[in-house]
Amino acid sequence: MLARSSTCLEIWHALRTSRPLTTRRTKSYLAPPYLLDDYIPRYQLLSPLQESKKRTEAYAHLRNCNLCPRLCSVNRYEKRGTCLIGADVVVNTVAPHFGEEPCLQGHNGSGSVFFSGCNLRCVFCQNHDIAHQKNGFHLSPEELGEWYLKLQEVGNVHNINLVTPEHVVPQVVLSILHAKTLGLRLPIVYNTSSFDSLASIELLDGLIDVYLPDFKVWDAATSRRLLKAEDYAKVAMESIKAMHAQVGDLCFTADGLAKKGVLLRHLVMPGHEDEGKHIVRWLAENVSKDLYVHIMEQYHPRAHVGKPRRTTSGRARDLVTDIVEPGGASADTATNKQVRYEEINRPVSLDEVDRVKTAAREAGLWRLLEVAEHGGFNI
Ligand code: SF4
């Protein structure tokens, strides 16, 4: 490329000798095309033949479920696997949701479907009452698709946001195809822990518009202890790469709403900032430096963290008094030592979060979600 300061004589000389004009480098500040004029959800573009193949595959998976890394090999019409969920989905909440990123919730909310059950067992789970237990109402895939229409027509939401769907992918596939026949026009968001198999992501190809994966921890020892899945990071790396291969980096329409691509989340855990640094470096080197990343600070443990330790007889000690609540008053050291998962029984510090953000920028990631000073959306 010609430098702006080149003279006519230099240009003529360069053309004659076919050598670069100057070794001085110029920089382009033009961003890649993340703004879309308009958007048609991917499922609208599937042919009848492609739809039919996906339906067949979805039913086959339900009859012999190895669709997530737990590989249970169960017939879900008859038995339950690790996720506790059979051929119907169990849904806890369906509603416009305003707790997501601004580019997803917009002004009218993200049309969220919170599934009950999960294929992970995170000891700090904030939704453990629905993720570790079956709490909610049963829906067939067709009934689930009808709820998407209600969110669209009554809720006027900006998208359909499937929260913790890794263990109900066949039902999700069938529900989207059914909702398409009913007139669904909204983009689909797949809001996942990233503990997805490649077969699962392949089955979703053509149906999901925005992948919203969470990359939780890096070390196998950590994921074994805190997520009850030793291979978590290995699985997450493969599945996130596959998601990105399908939809690329996050794109928006001019109203600031995300329509297609990957929005990656990482929740910084107390005492685990080094794992966060590994994760952001890996993302920059192996997925995309243009990846849209949300480094989150709202760690607030529930489930088993901070609960009384079990004794060898299996009964909890009577330690319910004076146990620290994350974000609340600190317990004394002696008390802290008596609760479960004491090392993560505290809020994450802003310094820990900042150090992970700095590592992300140093690795070349530049699309980090920050709160917009103008109060609107950042794209
Ligand atoms: S989705 Fe459920 S039944 Fe299927 S392999 Fe995973 S945990 Fe097992």
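The ligand is surrounded by 13 residues, of which Cys 65, Cys 68, Cys 72, Gly 81 and Cys 83 are the closest; a residue is taken as near a molecule or strand if its C-beta atom, placed from the backbone, lies within 6 Å of it. Sorted by class, this shell holds seven nonpolar, five polar and one charged residues. In this sorting, Ala, Val, Leu, Ile, Met, Phe, Trp, Tyr, Cys and Pro count as nonpolar, Asp, Glu, Lys and Arg as charged, and the others, Gly among them, as polar. The model is a predicted one, in which local features need pLDDT of at least 70 and side-chain atom pairs count only at pLDDT 80 or more, while totals for chains, interfaces and linings use all residues. Residue numbers start from 1 along each chain as its sequence is written.

The secondary structure of the chain comprises twelve helices and eleven strands. These elements are DSSP runs numbered from the N terminus, with helices (H or I) of at least four residues and strands (E) of at least two. Of the 379 residues in the chain, 42% are buried. A residue is called buried if 20 or more other C-beta atoms lie within 10 Å of its own, exposed if 12 or fewer do, and partly exposed in between, with C-beta atoms placed from the backbone. Among contacts in the chain with a separation of 6 or more, 70% are between residues 24 or more positions apart; two residues are in contact if their C-beta atoms, placed from the backbone, lie within 7 Å.

The UniProt annotation "binding site", from an unreviewed entry, covers Cys 118, Cys 122 and Cys 125. UniProt positions are given in the numbering used here, feature names are shortened, and annotations may be inferred rather than shown by experiment. Cys 122 is placed in the loop between β3 (110-115) and α4 (128-131), and Cys 125 also lies in the loop between β3 and α4. Cys 122 counts as buried because it has 26 C-beta neighbours inside 10 Å. Cys 125 has 22 such neighbours inside 10 Å and therefore counts as buried. Although Cys 122 and Arg 225 are 103 residues apart in sequence, their C-alpha atoms are 8.7 Å apart in space.

Helix α6 (residues 169-182) includes Val 169. The helix has 14 residues and spans 20 Å from its first C-alpha to its last, close to the 20 Å expected at 1.5 Å a residue; the expected span is 1.5 Å times one less than the number of residues. Helix α6 is mostly covered, with eleven of its 14 residues buried. Its buried residues pack against α2 (48-63), β2 (89-97), α5 (141-155), β5 (160-163), β6 and α7. Val 169 is buried because 26 other C-beta atoms lie within 10 Å. Leaving aside residues up to four places away in sequence, Val 169 touches Leu 67, Ser 200, Leu 203 and Leu 204. Val 169 and Asp 196 are separated by 27 residues in sequence and by 9.5 Å in space, C-alpha to C-alpha. Just after α6, Gly 183 adopts a positive phi of about 110°.

Helix α12 (residues 350-363) has 14 residues and reaches 20 Å from its first C-alpha to its last, close to the 20 Å expected at 1.5 Å a residue. Its buried residues are Glu 352, Val 353, Val 356, Lys 357, Ala 359 and Ala 360. Viewed down the axis of α12, these residues fall within an arc of 155°, so they line one face of the helix; the arc is that of the directions from the helix axis to the C-beta atoms. The buried residues of α12 pack against α10 (273-286), β10 (292-296) and β11 (367-368). On the face turned away from the buried side, α12 carries the exposed residues Leu 350, Asp 351, Thr 358, Arg 361 and Glu 362.

Ser 194 is located in the loop between β6 (188-192) and α7 (198-204), and counts as buried because it has 24 C-beta neighbours inside 10 Å. Lys 228, likewise not a glycine, has a positive phi of about 60°. Lys 228 is located in the loop between α8 (220-226) and α9 (232-247). With 14 C-beta neighbours inside 10 Å, Lys 228 counts as partly exposed.
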